[in-house]
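Reader: I would like to learn how to read a structure feature by feature. Could you take me through one slowly?

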Amino acid sequence: MPERLDDLAASFRRDLRAAGKADRTIIIYRQAIRFFCDWLAARDRPLTTDSLTKGALAAWFEDLHEAHQPGTVLTRYKGMRRFVRLAARRG
(Lines give C-alpha, C1' and ligand atoms only; values in the text may rest on other atoms or scores of the structure.)
Protein backbone atom coordinates (compact mmCIF):
# COMPACT_ATOMS: atom_id res chain seq x y z
CA MET A 1 0.00 0.00 0.00
CA PRO A 2 1.46 3.40 -0.94
CA GLU A 3 2.33 5.73 1.90
CA ARG A 4 1.04 9.29 2.00
CA LEU A 5 3.80 11.80 1.33
CA ASP A 6 2.78 13.98 4.27
CA ASP A 7 3.12 11.00 6.63
CA LEU A 8 6.53 10.23 5.18
CA ALA A 9 7.46 13.91 5.52
CA ALA A 10 6.84 13.69 9.27
CA SER A 11 9.28 10.76 9.47
CA PHE A 12 11.69 12.74 7.33
CA ARG A 13 11.64 15.62 9.81
CA ARG A 14 12.44 13.22 12.65
CA ASP A 15 15.25 11.69 10.57
CA LEU A 16 16.75 15.13 9.91
CA ARG A 17 16.54 16.10 13.58
CA ALA A 18 18.20 12.82 14.59
CA ALA A 19 20.98 13.56 12.09
CA GLY A 20 21.56 16.91 13.80
CA LYS A 21 20.50 19.06 10.85
CA ALA A 22 19.96 22.77 11.51
CA ASP A 23 16.40 24.00 11.92
CA ARG A 24 16.71 26.11 8.77
CA THR A 25 17.86 23.08 6.75
CA ILE A 26 14.87 21.10 8.00
CA ILE A 27 12.50 23.91 7.01
CA ILE A 28 14.01 24.24 3.53
CA TYR A 29 14.02 20.50 2.87
CA ARG A 30 10.42 20.17 4.04
CA GLN A 31 9.46 23.06 1.77
CA ALA A 32 10.82 21.06 -1.16
CA ILE A 33 8.45 18.22 -0.29
CA ARG A 34 5.52 20.61 0.05
CA PHE A 35 6.30 22.27 -3.29
CA PHE A 36 6.57 18.86 -4.97
CA CYS A 37 3.22 17.86 -3.43
CA ASP A 38 1.68 21.11 -4.70
CA TRP A 39 3.05 20.32 -8.16
CA LEU A 40 1.56 16.81 -8.00
CA ALA A 41 -1.82 18.13 -6.83
CA ALA A 42 -1.94 20.64 -9.69
CA ARG A 43 -1.62 17.66 -12.04
CA ASP A 44 -4.24 15.56 -10.22
CA ARG A 45 -1.66 13.00 -9.16
CA PRO A 46 -1.96 11.18 -5.84
CA LEU A 47 0.07 12.52 -2.94
CA THR A 48 1.49 9.09 -2.19
CA THR A 49 4.75 7.29 -2.75
CA ASP A 50 3.27 5.96 -6.01
CA SER A 51 3.87 9.45 -7.44
CA LEU A 52 7.43 9.61 -6.16
CA THR A 53 8.91 8.41 -9.45
CA LYS A 54 11.99 9.32 -11.41
CA GLY A 55 9.81 10.68 -14.22
CA ALA A 56 7.71 12.84 -11.92
CA LEU A 57 10.76 14.25 -10.17
CA ALA A 58 12.50 14.95 -13.48
CA ALA A 59 9.43 16.81 -14.78
CA TRP A 60 9.19 18.81 -11.54
CA PHE A 61 12.87 19.76 -11.70
CA GLU A 62 12.44 20.77 -15.33
CA ASP A 63 9.61 23.09 -14.29
CA LEU A 64 11.73 24.45 -11.44
CA HIS A 65 14.58 25.28 -13.84
CA GLU A 66 12.20 27.41 -15.89
CA ALA A 67 11.02 29.47 -12.93
CA HIS A 68 13.87 29.60 -10.40
CA GLN A 69 17.54 30.37 -10.00
CA PRO A 70 19.98 27.42 -10.13
CA GLY A 71 20.73 27.72 -6.41
CA THR A 72 17.06 27.32 -5.54
CA VAL A 73 16.75 24.28 -7.77
CA LEU A 74 19.87 22.74 -6.22
CA THR A 75 18.55 23.25 -2.69
CA ARG A 76 15.25 21.60 -3.58
CA TYR A 77 17.11 18.79 -5.30
CA LYS A 78 19.16 18.12 -2.16
CA GLY A 79 16.05 18.00 0.00
CA MET A 80 14.20 15.67 -2.35
CA ARG A 81 17.25 13.43 -2.80
CA ARG A 82 17.41 12.84 0.94
CA PHE A 83 13.62 12.40 1.12
CA VAL A 84 13.65 9.81 -1.68
CA ARG A 85 16.45 7.92 0.09
CA LEU A 86 14.31 7.75 3.21
CA ALA A 87 11.35 6.53 1.16
CA ALA A 88 13.53 3.85 -0.45
CA ARG A 89 14.78 2.65 2.94
CA ARG A 90 11.21 2.33 4.12
CA GLY A 91 10.27 0.31 1.06
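Reader: Where is leucine 86 found, and is leucine 86 buried or exposed?

Author: This is a predicted model, in which local features need pLDDT of at least 70 and side-chain atom pairs count only at pLDDT 80 or more, while totals for chains, interfaces and linings use all residues. Residues are numbered from 1 along each chain as its sequence is written, and side-chain values use heavy atoms, with hydrogens and water left out. Helices (H or I, at least four residues) and strands (E, at least two) are DSSP runs, numbered from the N terminus. Leucine 86 belongs to helix H4. Buried means under 20% relative accessible area, exposed over 50%, and partly exposed in between, with a 1.4 Å probe and protein chains only. Leucine 86 therefore counts as buried, at 6% relative accessibility.

Reader: Which residues is leucine 86 in contact with, leaving aside its neighbours within four places in sequence?

Author: Contact means heavy atoms within 4.5 Å. By that rule, and with neighbours within four places in sequence left aside, leucine 86 is in contact with Leu8, Ser11 and Phe12. Leucine 86 and serine 11 are 75 residues apart in sequence, yet their C-alpha atoms are 8.6 Å apart in space.

Reader: What joins the side chains of serine 11 and arginine 90?

Author: A polar contact is a pair of N or O atoms within 3.5 Å; within protein, one must be able to donate a hydrogen and the other to accept it, and residues adjacent in sequence count only if both atoms are side-chain atoms. Here the side chains of serine 11 and arginine 90 are joined by such a contact of 2.5 Å. Serine 11 lies in helix H1, and serine 11 counts as buried because its relative accessibility is 13%.

Reader: How does one describe two packed helices, and at what angle do the axes of H2 and H4 cross?

Author: Two packed helices are described by the angle between their axes and the distance between the axes. Axes are lines fitted to C-alpha atoms, for helices over the stretch in contact, and angles run from 0 to 180 degrees between N-to-C directions. The axes of helix H2 (residues 23-42) and helix H4 (residues 70-90) cross at roughly 85 degrees and come within 8 Å. H2 is therefore roughly perpendicular to H4, since angles under 35 degrees count as roughly parallel, over 145 as roughly antiparallel, 65 to 115 as roughly perpendicular and the rest as oblique. Among the residues making the contact are Ala32, Phe35 and Phe36 of H2 and Arg76, Met80 and Phe83 of H4.

Reader: Which residues touch the most other members of the largest nonpolar core?

Author: A nonpolar core is a set of buried Ala, Val, Leu, Ile, Met, Phe, Trp, Tyr and Cys residues joined through side-chain atoms within 4.5 Å. In the largest one, which has 24 residues, Phe36, Leu52, Trp60, Met80 and Phe83 touch the most other members. Helix H1 (5-18), H2, helix H3 (54-67) and H4 are the elements that give two or more residues to this core, and H2 gives the most, with 8 residues. Not counting residues up to four places away in sequence, tryptophan 60 touches Ala32, Phe35, Phe36, Trp39, Arg76 and Met80.
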